[in-house]
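Okay, thanks for coming, everyone.

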Amino acid sequence: MPDRTGGQERPADGRPAQTNISAIGQSVAAHTIHGGVHLHQSPREPVQWPQVVGRIPARADMFRNRAEVTALAAALAADGATGAVLNGLAGTGKTQLAADYARTGRADGSLDLVVWITANNATAVASGYAQAGQKILGIAPSEPQRAADEFREWLEPRRDDRPCRWLVVLDDVTDLSQLRDWLPPESPHGRTLITTHRRDPALRASHRPTIQVGAFNPADAVDHLARVLALHDRVEPATELRALAADLGHLPLALTQAAAYLAEAQTNCADYREKLAKRGDALAVLAPTMLPDKQARTVAAVFALSIERADHLQPAGLARELLQVSAFLDPNGIPGEVLAGSPVLGHLSSRRNNAASLHWVTAEEVTLALGGLHRLSLIDYTRDDPRQTVRVHQLVQRAARTGLSAAAHTWRVRVAADALVAAWPELETDPGLAQALRACATALFGHAQDALYRTDAHPLLLRHGRSTDGAGLPVEALAHFTRYIDTARRCLGPNHRDTLTARYHAAGCQGRAGDPPAAVEALAALLEAQTRALGADDVDTLRTRSSLAMLRTHNDQAEELGELLALLEDQVRVLGPDHRDVDDTTRRAFILAAELGHREQAIIQLTQLLASEEERFGADDPATQATREALAALGARGEPAASDSGLTELAEVLDDQIRVLGPDHRDTLATRRKIALVVGNSGRYTEAVDSLVALLGDETRALGPDHRDSFATWSMIGLFRMQSDGPAAGVETLRELLRRKIRILGPDHIDTLSTRGDLADWLGFATSAADAVVAEAELITDLVRVVGPDHKTTVGVLGELDDWQRRIRTKRELAETVRGSYETMVTIVGPAHPSAVQAASQLAQLRAEEGDRQAAATALEQTLAALVERLGPDHLAVAVVRANLDFWREA
């Protein structure tokens, strides 16, 4: 653990000397900094009721006030009621009944909040809860899991002066067992309404009465058809309407679909019934396992006729193909750009064209085709919603997929995958759009089977995983990459480049999920596999070397720099000087060189890199901005970074990031943090804290209070308060931080253990050295168990323990303690390690103070020999130790 006083002597009052804390990276999570200082999230506008989360389905034409409407209202108004279940066959109008109840409650003021979720799986429910958490609780879109969890908790009953009256609709539940952990809690202020065709016993709980929803009665069915047709100035004979209603089993969905077809196609009931009969027979032969009875075949025939009709609308030949591609994506919302991008346009063009007619389909034609599908009630099309432009009922999706051959199924899966990749921005500045794309990809994976693994793995697999990881969901991303690896090994082989690439990203997710040792082990195994399968000079092999160098524990920064420079030499030789991987390694190497004291050389090298990147990529490229930011932090204009000039450089970087990336991008927020850090390091603590508090409000809104970037901001706030107000002001902050880290990361996460080290150190300043010794000793036991004795954090805490022990022991006791620490360090890291060298010098000083100068010289001899062997006889460190040794020998 680094010395928190920068190696300076601690003042007599126990307060640490002013230190530059540019290396701060500890995670901090606290809504309140205790010890007399209270910092909160930036105030959020109160929610104005009523609110709707999700999209309540549009009211069906001529919605009927059926007996089930009254039954549902009575069930949910009964004493002690917490919900109800609408149960019935597909197409009986369950969704419309639930939507009517929700709209009525909003209109009469009895409901403050309606959450509508198409709940066909647990992921969909979690996504719906996440959307609610974002809208109602203000949680960042980048933290969907936290938003979902906290909204579920928010639904729990509480004693509020004005409780929120909520309704959660879980529409189209297909497997209650998947949703058991996501069902809303029972509350006197809330209601849960479930629609399903399942009849599971668990649904028939006493607190959720079941209302059976059947077909219309014959009279209502005929009246419904007649009234819908009347809206289009159509009149059909009552006998034909009765016969058509009977053909359709009086099912509301089928009646509505048929009426839309009759109105659009301008055909009569008799002709429509004839077409329906022929199509139903054809479907029965085509897919009997999908359509097990006459009623199901009839409903499928209704959809098939409507799809066929839509396909004949101008522009002809597009609607069916569009619907088939949409049938593999998220039914709850498909971004418009996905269906209007070049992959879908190319697919539509190839399907519609023939040798006699060549015409490239345009996005405008797609818009017209989607409008036709909307008029025929096959989709819900909302042009002004770029994230959920198209919604398709799952029954319609199923009908669109029915009859596709295996080859056609595979082809449309790949078209949909191509379309998602084309619509997916490389730089994700809209978290809501990214979430919608991930939902579509997840739905597609459920239908794809092995279609995305041919000669190579489809790029969507990698894009989805990277997006999930970038959204702060490394555990979910790791699960995705694990499935990716398993399938790729089976379909492509264990040594295929795409299989190895998936392993590379999975290892990164392991590290970000809180298991760096496992990530290092995975990368080391991957490096061996890549070297064997691809060669040592392959670009992916070199990239794995780079990541391994960054992730592997280094107790010696000089050793780490040497490893990076060796890697850089190989990258330049293999990839050429202008490869982006070469740029990244160069940047990392010379930032590290600056930390080792080679600031001027680092500035020269980084300045050259910046000029090259600006020429090759432009000033707005993320790599260019990263180099500019590094130079600004070093004070590239020759002045300290904390000077006005250094701040000006960072401010210029910030302006560009706001323009290119937006104010809420992580890189933009990180630059604001660095500016505040520079201000604080110049001694302007109050100004730094004010800036950090403002930043924290924006990070909390954009990233969430539990995001690691926000943790770092909290840490900096606490440490700057310690600098200005003394260590006692920060002890409670670190205790709160530790509690949160244990909750979020677990007690054995390296960041949690690091925070324990910080807390132990500040306890020594705030209370007594004895408290620090106890806390450090307990921590060392856990560190050895979790990360091993040679981890740099373990070695650092050993040094801290030695420091605090010297404060509470006699010189003889202290000498024995230092000797024990020195022997331990020699065993763990070797005698040439800086920590061991420092311990040897301390031991020599103490032995000399006891009058045993020979013992002092002996303590340095082993260290000198090790340093000469490792660094050579002319190294500065060797000269220093030799001078000390000569002094004690001569004395």
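**A histidine to start with**

Let's begin with H480, which touches F445, L461, H464 and G465, leaving out residues up to four places away in sequence; touching, or contact, here means heavy atoms within 4.5 Å. You'll find H480 in helix α19, residues 474-491. Helices (H or I, at least four residues) and strands (E, at least two) are DSSP runs, numbered from the N terminus. Is H480 buried or exposed? H480 counts as buried, at 5% relative accessibility. For the cut-offs, buried is under 20% relative accessible area, exposed is over 50%, and partly exposed is in between, with a 1.4 Å probe and protein chains only.

Quick housekeeping. This is a predicted model, where local features need pLDDT of at least 70 and side-chain atom pairs count only at pLDDT 80 or more, while totals for chains, interfaces and linings use all residues. Residues are numbered from 1 along each chain as its sequence is written, and side-chain values use heavy atoms, with hydrogens and water left out.

**The cores**

Now the nonpolar cores, meaning sets of buried Ala, Val, Leu, Ile, Met, Phe, Trp, Tyr and Cys residues joined through side-chain atoms within 4.5 Å. The largest one has 60 residues, and L370, L420 and L444 touch the most other members. Helix α16 (residues 406-423) gives the largest share of this core, seven residues. Take L420: beyond its neighbours within four places in sequence, L420 is in contact with L329, V338, L437, C440, A441, L444 and L460. Apart from that core lies another, of 27 residues, including V53, L113, V168 and L176.

**Two helices crossing**

Next, look at helix α11 (residues 319-326) and helix α14 (residues 363-375). Their axes come within 9 Å and cross at roughly 80°. Those axes are lines fitted to C-alpha atoms, for helices over the stretch in contact, and angles run from 0 to 180 degrees between N-to-C directions. So α11 is roughly perpendicular to α14, a label that covers 65 to 115 degrees; under 35 counts as roughly parallel, over 145 as roughly antiparallel, and the rest as oblique. Who makes the contact? On α11 we have A319, L322 and L323, and on α14 there are V366, A369, L370 and L373.

**The sheet**

On to the sheet, which is open, has six strands in the order β1-β3-β4-β5-β2-β6, and pairs in parallel. Two strands pair if DSSP finds at least two bridges between them. Why is one side of β1 and of β6 left without a neighbour in the sheet? β1 (51-53) and β6 (210-212) stand at the edges, each with a single partner strand, so one side of each has no neighbour there. The twist averages 15° from one strand to the next. Three bridges join β1 to β3 (residues 113-118), and V53 stands opposite V115 in β3.

Last stop, the backbone. The peptide bond from W49 to P50 is cis, with omega near 0°, and P50 lies in the segment before β1. Q314 and P315 are also joined by a cis peptide bond, with P315 in the loop between α10 (294-312) and α11.

D233 isn't a glycine, yet has a positive phi of about 60°. D233 sits in the loop between α6 (218-230) and α7 (238-247) and is exposed, with a relative accessible area of 72%. Q449, not a glycine either, has a positive phi of about 55°. Q449 is exposed at 68%, in the loop between α17 (431-448) and α18 (459-470).
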